[in-house]
Amino acid sequence: MSKLKVYKASAGSGKTFRLALEYLKIALASEWNYKNILAVTFTNKATTEMKERIIEELYVLSKKQPSAYLPLLIKEMKLGEVEIADRARICLKRILHDYSRFSISTIDSFFQRVIKSFNRELGINTAYQVDLEDNLILEEAVDELLLSIEENPELLEWLKKFANEKIREGGGWNLKNDILKLGVQIYNETFKALNKTLHEKINDKQFISTYKTELNTIIYQFESNLKRIGRAGLQMMQQYGVSVDDFKYKKTGASASFQRLVDLNLDSWPGKRVIEAADDPEVWTKKNDEANVLEAAAELQLLLCEAVEYYFKKLHEYNSAKLIVNQLYTLGILVDLQAMVRKVTQEKGVVLISDSGTLLKSIIDDSDAPFIYEKTGVFYNHFMIDEFQDTSGLQWGNFRPLIGNSLAEDNLGMVVGDVKQAIYRWRNGDWNLLAQDVNNQFLANGVEEETLQMNWRSTGNVIRFNNRIFQILPQIFQQHVNNELEENRLKGTSMTEQVEKIYSQSLQQIANAKTADSGAVRMRFFDKPKDEEKESLLETVLDELVARIKEVQDTGAGAREIAILVRKKDEAKLIADRLLKEKSANEPDYNFNILSSESLYVKNSSAVSFVLALLQLLADPNDAVALALANHLYYSELFDQLQIIHRVPDLATPGADQLSIGFGSLNKPDRTSWFEKLKDDKNILSDFLNSAYFSETLSGRNIQEIIFKICEFFNLFELQEELAYLQAFIDQVATFMKNRTTDIAAFLIWWNEQGQKKTIAVSEALDAIRIQTIHKAKGLEYNYVFIPFCDWKIEVSAQHTPMLWCRPKLPPFDQLELVPVKFEKRMGESIFFEEYFQEKISNYIDNLNMLYVAFTRARTALFTWSVTSGKFGNIADVLLQSMRKTDHFKGQGETDLFSDLNEHFDEDTLSFTYGEITTSTKRKEIKDNRLQLNEFRFVDFHDYLNLRKRNEHFFCRRRTSINKN
């Protein structure tokens, strides 16, 4: 029996290197071992990188070339260099000739392979398709749900309450969109786990009626008792002939509480002043007050004391009942919606990628796990899981029995991850698995835990800065959490050390002695601006960003060594627009070419947009907007490009069989005719698109053939800069045609909803500045990292309030095993207080992890700009606090592994300057293996096929030649 190996790998510590090493050790132990190893990663890109690394290292070892793996393999396998080279050669040959058994894949793709073997048991069509577009199925299910309202009166009631709440919140009129936003909850793993039991109870009218009655009784009793006390207090003041103004503090004092109780205005009630007044009658009055005021105060104090005691005694029950009742209707909607999603998927013969784990769990339950996986035709003995911090509880539940069996047979079971880089909780990722659960689940086997502490990525100064900042920040967050817990009388729980515990092993060693004293960090802080100053401050930040990029390029850095990280796409657009402005200045010494998600969208191509406009015209010839858009795109974007290469089509005189293509320059119509004068004599395109020739030539073809013909008409394949976008667009069309109807209208609907989100792939060798979100940058590294908007909010956003799935533990609330509760302040004073504070802490950890991922992408230098809010509201506030209070927090570890933040922070300019900006000493050389796409070839079969539809034998089964005989 072997132990489970757990590697906790901080950023840059060689996690992929360790995974590859463990794989090579097993693969080289026997020439057939590669068949019995399963390694799973988080993304397709990581899968490809892992495969490439192993194949490359096997080749290097087999050729006896220098390898960083060789000394470790010799030491740990106790083999000679020649023996390892022979084994590597054989292993490489076996893998290349049996590549399908080279099992490195994503978790979802592995689950799909297993599910394919159990189509019959699961009642799934053997020809099912895996649908990656959960949202499309969800939207179709919502449409079906709304159509079924007349047959489902309970659902109608749920939807009415849902609509009423949206009206109270000031939401939009579109109920369908609101249901779609709510509908994503059906993919929540907690909701899926108890769905069957919930479905039975939700459909039990008697149960729901009884449950709601009990909850409403609790609410009514609480409110009526407080109202009663409030009315009694007002009557007493009337009897004594006094008013609120006769008592101390007047409308802000304790005497105002009685009117608030009658109105149930309980926000921030009772405050400190009211609690004091409930205990001490002297707080109500002054020494020189009249006798009736003093007598009234004594009586009112007793009533207020009763109200405060009752309030605190019953508040948890009241808030719990309100929270459940307010969202009970959403549970009904979601249960019905999930049933509708299941119906739609069965009718379409598809399996949602998000359902893979759930389906597999239904197979594994009460089954012999090894048999389940043997049925796939592959038997695995060794298991490796990468990015374990982003693995969900359901995914781990499906893997755990398999790993348990492997360990029992003395084979390898290994997980690798870093809780500090867990930023995918919104995808059901559960960092608690790595933080604590996995250690408790293998007590019999034992866990061999190792922390990889050497940082092979960054220079010494960047490592020292991160070591210090990520020892201070967790303590600041933890102090803030503990203050909130203490205010709510929850001191002493496990939550009081949760944030610090996660970062307790964040200290990293400097691996590269040559760069131990190099590297730089620059940080700028700004006070919160007034509304009229926001635009000016934004310009200042962007100006400084450009200046810093120029400073870095002056040292010899290439554009591809620079990354600008953001949280939101609108921030990326601001930066891209500014850098494009700099690019237009044509300064020869600087490269401001950019590569961003926006620039990679296929929809941003003029040629693709032009083709889409023509498709819209084919679907609806009377669409004036599509006609105007086509004119605009052709004359403002494409015409000049075609004219330069002498490939402007002559649209004026099309022939009978084929469009005549001219090579001379044709006149461009006046700009106003692009839109206002579409029928202008000079606007030949408009006449051509309205002609019968255009529609007849393209009729009878599928979508892909129509697109080919349009590109041939207008010589779009001749435009070099548009080829990559057109190729990607055509690939998306081919993907669409595989599983869906091929009419133009259906394609245009799909494109507007899903297709336009597609991007093109680009080479890493492209010398351009990368602009990307922090989520996209995870796993990547750059010499110079810029974060211009390092000031995102750290509290839960009111606009994106999460829905929490809670398990009530006290009666009568526990009659439902699972209830949806909307995250709000009153949760902290209900039976769901643990879930409330855990969500707050998890949100803080998410934001701290986001910062960790962003800061640790840098090899040579890090630059940030932050605007504070003046309170504990955004990440900038916490960073600034860490600079100012660094002396309050002691560093744990060797002093030469830390930077003194206070020493390098200037309070006057609110700036942090550490280290010197130099040329990167660790420049990653990327071979440019790009294939230049100079043309796009296709074959139009309509040129070779001649179908005579009017032939008398067109509908006959037998061939014409046979009939003639």
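View 1. The structure, a predicted model, holds 8 cavities of 30 Å³ or more. The second largest cavity has a volume of about 50 Å³. Its lining is formed by Phe247, Lys248, Tyr249, Gly253, Ala254, Ser255, Arg273, Ala277, Val283 and Trp284. By residue class, the lining of this second largest cavity comprises 6 nonpolar, 2 polar and 2 charged residues.

View 2. Helix 3 spans residues 70-77, and its buried residues are Leu70, Leu73 and Met77. These residues lie on the same side of helix 3 because they cover an arc of only 60 degrees around the axis. An α-helix has 3.6 residues a turn, so residues three or four places apart point the same way. The packing partners of the buried residues of helix 3 are helix 1 (15-29), helix 2 (44-62) and helix 4 (81-97). Pro71 and Lys75 are exposed on the face of helix 3 turned away from its buried side. Just after helix 3, Lys78 adopts a positive phi of about 55 degrees.

**View 3. Nonpolar cores and the surroundings of Phe855.** The largest nonpolar core contains 168 residues, and Leu304, Trp396, Phe465 and Phe855 have the most contacts inside it. Helix 15 (residues 291-348) supplies the largest share of this core, 26 residues. Apart from neighbours within four places in sequence, Phe855 is in contact with Phe465, Asn466, Ile469, Phe470, Met523, Ile787, Cys790, Leu862, Thr864 and Leu879. A second, separate core has 57 residues, among them Ala613, Leu638, Ile706 and Phe713.

Note on methods
Residues numbered from 1 in each chain as written. Predicted model: local features only at pLDDT ≥ 70, side-chain atom pairs only at ≥ 80, totals over all residues. Heavy atoms only, no water. 1 Å grid on protein atoms, 1.4 Å probe; cavity = no way out; pocket = protein on both sides within 12 Å on 5 of 7 lines; lining within 4 Å. Points joined across faces, edges and corners; volume = space filled by probe spheres on them. Nonpolar A, V, L, I, M, F, W, Y, C, P; charged D, E, K, R; others polar. Buried < 20%, exposed > 50% of the residue type's maximum accessible area, 1.4 Å probe, protein only. Helix = DSSP H or I, 4+ residues; strand = E, 2+ residues; numbered from the N terminus. Arc of directions from axis to C-beta. Contact = heavy atoms within 4.5 Å. Core = buried A, V, L, I, M, F, W, Y, C linked by side-chain atoms within 4.5 Å.
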